[in-house]
Amino acid sequence: MACAIKEKEIKEKVAEICKEFNNDPKELIAILHKSQNHFGFLPKEVQTAIAETIHIPASKVYGVITFYSYFTMEPKGKYPISICMGTACYVKGAEKVLKEFEKQLEIKNGQTTPDGKFSMNTLRCIGACGLAPVIMIGEKVYGSVKPEEVAKIIKEYE
Amino acid sequence: MKSKQIKIALRNCGHIDPEDLSDYIARDGYKALSTTLSGSRETVVQTIIKSGLRGRGGGGFPTGKKWELAAAVKGDKKYVICNADEGDPGAFMDRSVLEGDPHSVLEAMAVCGYAIGADEGYIYIRAEYPLAIKRLKIAMAQAKEAGLLGQNILGTGFNFEIGLKYGAGAFVCGEETALIKSMEGNRGEPIMKPPYPAQKGFMGKPTNVNNVETFANIPAIINKGADWFASIGTEGSKGTKVFALAGKVKNVGLVEVPMGTTLRELIFDIGGGIVGGKKFKAAQTGGPSGGCLTEKHLDTPIDYESLKAAGSMMGSGGLIVMDEDNCMPAVAQFYLDFTVEESCGKCVPCREGNKVLYQILNKITHGNGTLEDLKKLKDLSEIIKSTSLCGLGQTAPNPVLSTLNNFYDEYYEHVVEKKCRAKVCRALIKYIIIPDKCVGCGACKRACPAEAISGEIKQKHLIDQDKCIKCGACYQKCKFNAIIIE
């Protein structure tokens with residue numbers, strides 16, 4: 001029952017979003033952006049609802065979502081941690097910072113902690129190469145991060 | 001030594017309030033558009049051709065020629081697209097222009113629209129650039145309000161509307177045909193050229209695509225003249241280029257210098273040299289499509305041709321400086337990891353070939369490489385370059401080839417001597433305790449997660465190489481510099 005209500009809610013919201021873009025299949029990427037902003041991620045239910053509303057195959061929606069790294073089918077943690085692995089960050093030791101986060105949080109890159117608090121992913125470049133290595137937690141940027149500072153940074157969110 | 005810089009694309013960044021149209025107008029803003037609209041379409045195209053401006057997004061195609069092609073195609077509907085999908089790791093000049101001087105891009109797009117006969121433009125921008133998006137939206141609303149965009153611009157009867165389209169994190173979308181696919185709501189997979197976008201682009205209509213930095217040069221060229229612009233730079237590459245200086249260099253950030261400036265001037269004069277007095281080893285230009293330049297290239301004047309001749313490319317202008325602590329096969333592997341992930345998967349050489357290149361590099365950095373692998377790397381790289389569909393695949397092996405050419409010694413050491421001189425490849429290094437320096441404090445033994453260190457307190461300690469997992473914990477803990485990496 002609870003599930004049916006949720007599905008109805010999803011369908012209504014998706015219909016509302018698609019309508020903003022005139023149910024135009026050419027606006028699929030814009031629709032996905034808006035849907036991800038609202039739901040936090042793009043689960044199967046949202047994908048099929050979009051496909052039905054704008055009359056395209058669900059496989060096409062899935063194809064587009066999996067093509068672009070910005071879209072995710074997994075829920076993110078309350079505090080999403082993004083570690084920049086751009087070249088400047090890489091040459092300045094971002095890999096060690098990544099390893100330290102994995103060790104401290106006991107999750108692998110791309111996963112979310114069981115309590116849903118932290119999730120981790122790597123980014124290609126956030127254009128803050130002057131601060132390399134850079135990480136972001138939510139909207140907050142941490143520059144020149146050293147592996148030994150990782151524990152302290154995580155503590156800020158506990 | 002900052003005087004070597006000449007700012008054209010970045011002329012307004014930091015000097016104006018990007019959210020205030022009158023600030024832009026006070027610095028000759030929209031003057032170029034007004035000049036353009038009072039002349040013929042042909043004049044604008046000829047001015048840009050004469051200036052010698054070439055695409056700043058990486059390809060280096062002459063901008064004026066591109067406009068001329070799009071202008072020559074007959075069509076009731078044409079589009080101007082600004083490529084702001086800056087996905088090159090280590091490059092952030094486009095973001096800087098969009099955040100610091102959004103009107104210059106809007107103005108240039110309108111100029112281009114007039115030149116090629118388009119009344120609609122789109123900026124394809126990364127969703128990861130929220131501030132740039134916000135400022136563009138403000139600028140677009142202001143320009144429209146002031147009659148500088150929209151219907152009947154400056155009372156001349158010329159109409160030009162600009163909209164935003166968002167990217168979603170796919171490097172290949174920087175390629176113009178992939179970008180257009182993405183704008184149409186599809187997976188960003190490139191298509192065969194011809195037809196070129198100038199003939200059949202967005203929605204099947206003639207389309208001109210230019211990069212942000214290219215557009216940012218346009219108003220300055222029109223205001224100051226093609227001759228002025230062409231007087232800066234080298235024979236084949238006119239004007240300036242913005243570089244994003246990053247990595248192991250003292251002064252990091254964006255610099256704009258005339259084409260033809262040498263790497264030495266960029267890294268040692270403007271960049272202030274290498275951090276911590278280390279030795280310069282390589283400069284990587286052109287992002288994942290480029291290559292590594294070495295000490296012998298330091299005095300080469302940088303332009304499109306010289307970088308290509310040196311096995312690299314201009315790319316969007318990322319310039320990452322590396323020192324002796326960076327391992328070149330590992331750097332090549334890093335770039336391949338990127339291309340393998342970003343390959344759209346449409347054509348076989350890029351999808352499968354790069355994966356194999358990555359696997360061979362992985363073998364080498366893990367100490368299992370052979371001399372034969374080095375030959376395979378080279379042969380396969382050349383096949384991928386000559387048979388891939390788009391620019392991504394055609395340039396993906398560049399980091400491999402350029403490091404192989406310039407740092408063959410290092411590859412040789414990895415595969416024959418099983419040594420990594422930069423001490424980066426874990427499989428090829430050893431942590432060793434120097435008996436003379438060890439005081440037997442036991443700190444390393446307590447830190448070791450693998451119980452690989454033996455020794456009693458106040459006695460010399462020893463690392464069992466078979467048990468050692470090379471995590472480096474002991475190395476960090478030792479206060480007496482008694483542990484070395486070999």
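Guide: Let us begin with a strand pair: B:T285 stands opposite B:G291 in β9(B). Strands (E, at least two residues) and helices (H or I, at least four residues) are DSSP runs, numbered from the N terminus. This is a predicted model, in which local features need pLDDT of at least 70 and side-chain atom pairs count only at pLDDT 80 or more, while totals for chains, interfaces and linings use all residues. Residues are numbered from 1 along each chain as its sequence is written, and chains are lettered from A and ligands numbered from 1 in the order in which they are written.

Visitor: How many bridges join β8 to β9(B), and in which sense do the strands run?

Guide: Two strands pair if DSSP finds at least two bridges between them. Here β8 (residues 280-285) of chain B is joined to β9(B) by 3 bridges, and the two run antiparallel.

Visitor: What is the strand order of the open sheet in chain B?

Guide: The order of its 5 strands is β7-β6-β10-β8-β9 (chain B), and the pairing is mixed. At the edges are β7 (253-258) and β9 (291-293) of chain B, each of which pairs on one side only. From one strand to the next the twist averages 30°, with axes fitted as lines to C-alpha atoms (for helices over the stretch in contact) and angles running from 0 to 180 degrees between N-to-C directions.

Visitor: Why is strand β2 of chain B described as largely enclosed?

Guide: A residue is buried if 20 or more other C-beta atoms lie within 10 Å of its own, exposed if 12 or fewer, and partly exposed in between, with C-beta atoms placed from the backbone. In β2 (residues 120-126) of chain B, 6 of the 7 residues are buried, so the rest of the structure largely encloses this strand.

Visitor: Which strands pair with β2(B)?

Guide: Strand β1 (residues 79-84) of chain B pairs with β2(B) in the parallel sense over 6 bridges, and B:A84 has B:I125 as its bridge partner. Strand β4 (residues 158-167) of chain B also runs parallel to β2(B), joined by 7 bridges; there B:G121 is partnered by B:I162.

Visitor: What span should helix α2 of chain A have?

Guide: The expected span is 1.5 Å times one less than the number of residues. For the 12 residues of α2 (residues 28-39) of chain A this gives 16 Å, which agrees with the 16 Å between its end C-alpha atoms. Among the buried residues of α2(A) are A:L28, A:I31 and A:Q36. Just after α2(A), A:G40 takes a positive phi of about 90°.
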